[in-house]
Amino acid sequence: MEDRTTEQLAQDYSAMGDSISLITAVIAGDSMADESAEDRQDCVDRNTQHLELMKAKSDWGSEDFTATDSAISAGKGYTAS
């Protein structure tokens, strides 16, 4: 697999930020509050998986993954009710 360009890295890192924001908002009840528990769980699970897959890529530079790690941990611990 080829390394991503600087632009691709920036886009992917930005998309990870979107996933972090969505996971955080769903868990806090600020997003998808009117959706079913199943839909909220699916959203958090999908975005958590996205973060795990993206973080596992080997061509990152000096990006800070602290928020990513926190969102992955929160997403894995989340059970919609």
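**Figure 1. The buried residues of helix α3 are Thr68, Ala71, Ile72 and Gly75.** Looking down the axis of α3 in this predicted model, these buried residues stay within an arc of 100°, so they line one face of the helix.

**Figure 2. What do the buried residues of α3 pack against?** Their partners are α1 (6-28) and α2 (37-55).

**Figure 3. Helix α3 from end to end, residues 66-77.** Its 12 residues, at 1.5 Å a residue, should span 16 Å, and the end C-alpha atoms sit 17 Å apart, which agrees.

**Figure 4. The protein chain reads α-α-α along its sequence.** That's three helices and zero strands. The C-alpha atoms fill a box of roughly 40 × 20 × 20 Å along the principal axes. Take the contacts with a separation of 6 or more: 71% of them link residues 24 or more positions apart.

Figure 5. Of the 81 residues, 32% are buried. The chain exposes about 5200 Å², with carbon and sulfur atoms supplying 47% of that area.

Conventions: Residues are numbered from 1 along each chain as its sequence is written. This is a predicted model: local features need pLDDT of at least 70, side-chain atom pairs count only at pLDDT 80 or more; totals for chains, interfaces and linings use all residues. Side-chain values use heavy atoms; hydrogens and water are left out. Helices (H or I, at least four residues) and strands (E, at least two) are DSSP runs, numbered from the N terminus. Buried means under 20% relative accessible area, exposed over 50%, partly exposed in between (1.4 Å probe, protein chains only). Contact means heavy atoms within 4.5 Å. Accessible areas come from the Shrake-Rupley method with a 1.4 Å probe; for residues, only the protein chains shown count as cover. The expected span of a helix is 1.5 Å times one less than its number of residues. The arc is that of the directions from the helix axis to the C-beta atoms.
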